[in-house]
Number of protein chains: 2
Amino acid sequence: MTLTTPPSPTATAVPPNTAGVPALGVNVTGLRCRECGEPEELASSHVCSWCFGPLEVAYDEALLASRVSRERIEAGPRSLWRYGDLLPVLSDDPATRIDLGTGFTPLRPAPRLAAHLGLRELWLKDDTRNPSGSFKDRVVTIALSAARALGIETVACASTGNLAGSVSAHAAAAGMPAYVFIPHDLERGKVVGAAVYGANVVAVEGNYDDVNRLCVEVADREGWGFVNVNLRAFYAEGSKSIGYEIAEQLGWQLPDHVVAPLASGAMFTKIDKAFGELRRYGLVDDAQPTPRMSGAQATGCSPIAEAFARESLDVRPQRPDTIARSLAIGNPADGYYALQVARATGGVVGHVPDDEIVAGIQLLARTEGVFAETAGGVTVANLVRFVEQGHVDRDERVVAVISGNGYKTIEAVEAAVGVTHRTTPALDDFLQALGA
Amino acid sequence: MTLTTPPSPTATAVPPNTAGVPALGVNVTGLRCRECGEPEELASSHVCSWCFGPLEVAYDEALLASRVSRERIEAGPRSLWRYGDLLPVLSDDPATRIDLGTGFTPLRPAPRLAAHLGLRELWLKDDTRNPSGSFKDRVVTIALSAARALGIETVACASTGNLAGSVSAHAAAAGMPAYVFIPHDLERGKVVGAAVYGANVVAVEGNYDDVNRLCVEVADREGWGFVNVNLRAFYAEGSKSIGYEIAEQLGWQLPDHVVAPLASGAMFTKIDKAFGELRRYGLVDDAQPTPRMSGAQATGCSPIAEAFARESLDVRPQRPDTIARSLAIGNPADGYYALQVARATGGVVGHVPDDEIVAGIQLLARTEGVFAETAGGVTVANLVRFVEQGHVDRDERVVAVISGNGYKTIEAVEAAVGVTHRTTPALDDFLQALGA
């Protein structure tokens, strides 16, 4: 034992952290193409070998129907693994499931923000409270658990921040070596927030698209599990837990309207998928209407909102330029599916400029005491517009998804807030400053 | 409704956030001097009018004995208010209780850190997961609820960071105006982390002691509720919830040994107080031995450890000089009581230099995926020494209290960690960088 040279994770050093992980059975039959429906074997692959469409997880639906119940969920752990029956489980061995207490974050009532907006009922799905401070912990937990079941020892990702921190944290707790690939000019805070966990931090001379391309090549050659490349089918399923949690925390009721941020569009579509599963498996009353799903983008990266405004499903790539870096995906992989969901459920997709994002962060902090990163500001600022424009009805039960913690992007609000009074330690000076 | 000028909290604007707050009865009879035992009326006062000793809350112990049960706690909310019967409740009105989902943070198993240290069983009380990212949310929740019950409209604090953020967040959610007093040279991140919630941020030309002196004068004159001055008796009680949670989360068992950081010493003594109450009210088996309480300080501010080494209860004030700024109290108000607790329970008090604090942060992050602020590094680094020195027994069930989130003090580890590989986007270049 030595303190001065802390160990980096190695694949075999000590057992992973699996205490409290529930008994679950294998519930997937393989992968399946989302476009042509062709089945594929369970593996670290993400593209259909027939039509090059994206792959998704194929569940044993009869098993799920026989097993899933409110009681079984409520008896589970206080993490997203309480919904383990509905998430991809690739192995019976509990050591393949990684649980850092990710998910089952608070669904907080927001009465002061609701009053400000003139809404009857507003809730915040508060993912600022996840272990590494963002909803990415949900998808990473599932992807790394799949990697372990598939016998993959080394995990990796292409990231501009939140994902790098989340992969590094979960890999450390699981004792898996990790490589996180980032653009070379990333903010120092985000580099530190990944490197502190002992991950290998690879700075790539190029932008996020360059980083991504390199990662696809490395994945093919090294056999590493890239959570958002060759493990994407499993990874994306993790976001369904947001939908399950909203319903359970509302007392097994669906909300009327959900407003969520859009980057790739995957989280948005998976929340909608979760609501469908809750009805199919009898966890909520099948007679409840489908919640309306509305998406929030930043004007500086709004390809999905732009397509929505054109009444098209055809997303035109953009070159991102916004302070909301965690949403800055100019060519969103699931944009097409997100547009379908918004249309089918009667939702809308909007966008707001950077100054409204900052004002949205402040509005949320000042009314509810929740400090969100830029993505949360995007969600709140779009919600304000949706209410003003009549897209959100004042009598709806609304849930806003707050996807990341503001302490990770302090710089976004630095120019807007600060010291309000200056004084010497003398009481008279303070009283004068107060009156001024 | 307008987005461009977010409202700052006012005392009467909209109702506070009290959904889910449980029904609780008034359970306090007044205040009482910790030294001479003299009773005082329930008020915003903190010093005995007879002997100038510190005041503490006096509970209606017969009421508590008749009411407290495991079942009642387990049926409560997922916050520290599940222990509401054991915390000061000054009013029947649920609107006086503020609940942002503070407390009931995970008690995480730490098998990889335990294996590294050679311990049989180690747990982390993970207060990085509180709403504003530190254990201060616990004491602020209780202090602001007391303020509301006492009819105090404006709340305040003297702070060097974590407390300012916590008071600002809770005051915002409760719709109470807040003033946070800070030294003028505080890091920008900590200023932003309080100002974003709409609090008045008062920068005082002077050090923390100057700030504190001004606050005592302002409290006397303005009738504001300073959480760590005239509301301190209520405030300090909030830390008891850490002890209740540890026991409940261990299945209503006490641990063998707790290692916690020491600043004023109040949190440390309140955890010990909680363990005593759990036995007194039959929540844990009365035959279980009292947990050993060991305290962790930074060498650059170690007045309690220094007194412990001298085998004295007399704390000699120090001038702090350490990166662990959240623990940098040179004249700790509860140092005497903390020393008594450490001695009575068979614990120790140690200190570690700044380089070991940084290594402790890294060790925790690399083994368990938990990124702690400097105070967490102090706790882990002291734990390493305690094991090496034989103060912590390898067969004990040990709990380490991790009191704050590392994303709030990124600068502490900035020099120690960073990019590990640099490459162009070409695969060959990356493979070369990897091999190098």
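Modeller: A residue counts as buried when its relative accessible area is under 20%. Please keep this cut-off in mind as we read this structure, which is a predicted model.

Biologist: How many of the residues of helix H9(B) are buried, and what follows for the helix?

Modeller: In H9(B), 9 of the 10 residues are buried, so this helix is largely enclosed by the rest of the structure. The buried residues include Lys240(B), Ser241(B), Glu245(B) and Glu248(B), as well as Ile242(B), Tyr244(B) and Ile246(B). After H9(B) comes Gly251(B), with a positive phi near 75°.

Biologist: At what angle do the axes of H9(B) and H10(B) cross?

Modeller: Helix H9 (residues 240–249) and helix H10 (residues 266–280) of chain B have axes that cross at roughly 50° and come within 7 Å. The two helices are therefore oblique to each other. Their crossing is right-handed. On the side of H9(B), the residues making the contact are Lys240(B), Ile242(B), Gly243(B), Tyr244(B) and Ala247(B). On the side of H10(B), they include Met267(B), Ile271(B), Ala274(B), Phe275(B) and Leu278(B).

Biologist: How should I read a positive phi in a residue other than glycine?

Modeller: Most residues other than glycine have a negative phi. Two residues here have a positive one. Phe52(A) has a phi near 65°, and Glu311(B) has a phi of about 55°.

Biologist: Where does Phe52(A) lie, and is Phe52(A) buried or exposed?

Modeller: Phe52(A) lies in the loop between strand E2 (39–40) and strand E3 (55–59) of chain A. With a relative accessible area of 66%, Phe52(A) is exposed. As for Glu311(B), its place is in the loop between helix H11 (303–309) and helix H12 (335–345) of chain B. Glu311(B) is exposed, with a relative accessible area of 65%.

Biologist: Where is Trp224(A) found, and which residues does Trp224(A) touch?

Modeller: Trp224(A) is found in the loop between helix H7 (208–222) and strand E9 (225–226) of chain A. Its relative accessible area is 8%, so Trp224(A) is buried. Leaving aside residues up to four places away in sequence, Trp224(A) touches residues of chain A, among them Ile152(A), Tyr179(A), Phe181(A) and Val218(A), and also Phe430(B) and Leu434(B). By contrast, the C-alpha atoms of Trp224(A) and Leu86(A) are separated by 26 Å, the two residues being 138 residues apart along the chain.

Biologist: How many disulfides does the structure hold?

Modeller: A disulfide requires two cysteine sulfur atoms within 2.5 Å. The structure holds 0 disulfides over all chains. Consider Cys215(A): the closest cysteine sulfur, in Cys157(A), is 7.4 Å from its own sulfur, which is too far for a bond. Cys215(A) is also buried, at 0% relative accessibility. For Cys301(B), the closest cysteine sulfur is in Cys157(B), at 19 Å, again too far for a bond. Cys301(B) counts as buried as well, at 1% relative accessibility.

Biologist: How does one describe the relation between two copies of a chain?

Modeller: Two copies of a chain are related by a rotation about an axis and a shift along it. Here, chain B is superposed on chain A by a rotation of 180° with 0.0 Å of shift along the axis, and the RMSD is 0.0 Å. The copies are thus related as by a two-fold rotation axis.

Biologist: Through which surface do the copies meet?

Modeller: Of the interface residues of chain B, 100% are also interface residues in chain A, so the copies meet through the same surface.

How values were computed:
Residues numbered from 1 in each chain as written. Chains lettered and ligands numbered in written order. Predicted model: local features only at pLDDT ≥ 70, side-chain atom pairs only at ≥ 80, totals over all residues. Heavy atoms only, no water. Buried < 20%, exposed > 50% of the residue type's maximum accessible area, 1.4 Å probe, protein only. Least-squares fit on C-alpha atoms with pLDDT ≥ 70 in both. Contact = heavy atoms within 4.5 Å. Axes fitted to C-alpha atoms, helices over the stretch in contact; angles between N-to-C directions. Helix = DSSP H or I, 4+ residues; strand = E, 2+ residues; numbered from the N terminus. Parallel < 35°, antiparallel > 145°, perpendicular 65-115°, else oblique. Left-handed = near helix turned anticlockwise from the far one by under 90°.
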